Amino acid sequence: MELFFKMPSKEAREAMCDASLELGNRFMGNEYKKNAEDAIKKVTGHEHARVMGSGNAAIMAAMSTMKGPVMIPDQGGWSGFRKIAEFYGLELTYLSTKMGVIHLETLEEQVKLKSPESLFITSFAGYMAEQPVKGIYDICEDNGVILVEDASGSVGDPLKNLACGDHSHVMVASTGSPKIVNVGNGGFISTNEPGIFNNAGFILKTLQSSPVTCAGLVEEIKKTPGNLVKTIAACEFLKKEIEYVLHPEKRGINIAIPHDEPKSIARLLRNNLKVMGGGMITVCPRYDRINQPAVCLEVKNLDIECLKKENLRKIVEIVKNTI
Ligand SMILES: Cc1ncc(COP(=O)(O)O)c(C=O)c1O
């Protein structure tokens, strides 16, 4: 079995090569930017979009308009939320979750108690379990809280449960490597609220992406729904076969396996599950995944072509023999 780390598609790389030959051409630069913004608006359903230099740049832009407090999940979020809130000197408040997944009753109670200005979440808790984003949005909307959904793992969800502009005030995403929109760098921010873009005008320009990234994004975003569906289906198969995983019933793009000796198990798994060009094992506890000892199989890092049944069966065999 050969496993490959995800690369931007050939079409995206070719488009980026072509765009690099146009660097300095202001007209073409604006065209690439406009086409990328249109593609983001189409996939998110939001009316306003900007391509940014990275996912964290998009989060910086979103937080630049806020005074705080910023609420984030106690685990399964993105560490950049915390770092960027600290950078701006914004008060942080934590929301307790069930292994990263937000409970709507808890959210309602905590929002009333702590009155945050915003809630930052990732569409999938720790990439492993989908958040009830529509329910979260309704509670935020009713309580005047700005919901910012980091959709780095979920852009193009055909079920429209995740990364859907109808139920996020602001969407941010990384399009770096390895992500669902896998351009290799960059990110985006989108919203229906024009005020946010007006207030963040300077930072949006300062942290903008290059026309080369914009050209790649237009091509990569076309492949996103298909890639996401296949990655979720592979995880569903692995979750069923491996059995002792966290969040077995929830959609996700990685697999978390609790273990008392995660470091040594991760070392063995890295030896037995070699990935050309990168890796697919993370060790927990880790805020971005889960606050308990575990290893994660980052299925999202793999090239879609590797996610064939025969490979998945082999992965199951290796995991069962290692753990
Ligand atoms: C969920 C999530 N959000 C944001 C980021 C930051 O993205 P970038 O590296 O493009 O700044 C990452 C990076 O891994 C991420 O996993």
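Predicted model: local features only at pLDDT ≥ 70, side-chain atom pairs only at ≥ 80, totals over all residues.
Ground rules. Local features need pLDDT of at least 70 and side-chain atom pairs 80 or more, while totals for chains, interfaces and linings use all residues. Numbering starts from 1 along each chain as its sequence is written, and side-chain values use heavy atoms, without hydrogens and water.

Salt bridges, then. I mean a side-chain nitrogen of Lys or Arg within 4 Å of a carboxyl oxygen of Asp or Glu. The count is 13. Take Lys 134 and Asp 138: N to O is 3.0 Å. Both sit in helix 6 (residues 133-142), four residues apart, about one turn. Helices here are DSSP runs of H or I, at least four residues, and strands are runs of E, at least two, numbered from the N terminus.

How covered are these residues? Buried means under 20% relative accessible area, exposed over 50%, partly exposed in between, with a 1.4 Å probe and protein chains only. Lys 134 is partly exposed, at 45%. Asp 138 is partly exposed too, at 32%. Now Glu 298 and Lys 300: their bridge spans 3.9 Å, and both residues are buried.

On to helix 3, residues 55-63. Eight of its nine residues are buried. Among them are Ile 59 and Met 60. Ser 54 caps the N-terminal end, with a side-chain oxygen 3.4 Å from the backbone nitrogen of Asn 56.

Last, Asn 182. The loop between strand 9 (170-174) and strand 10 (187-191) holds this residue. Asn 182 counts as buried because its relative accessibility is 2%. Its side chain reaches the backbone nitrogen of Lys 179 at 3.1 Å.

How values were computed: Polar contact = N/O pair within 3.5 Å; in protein donor to acceptor, adjacent residues only side chain to side chain.
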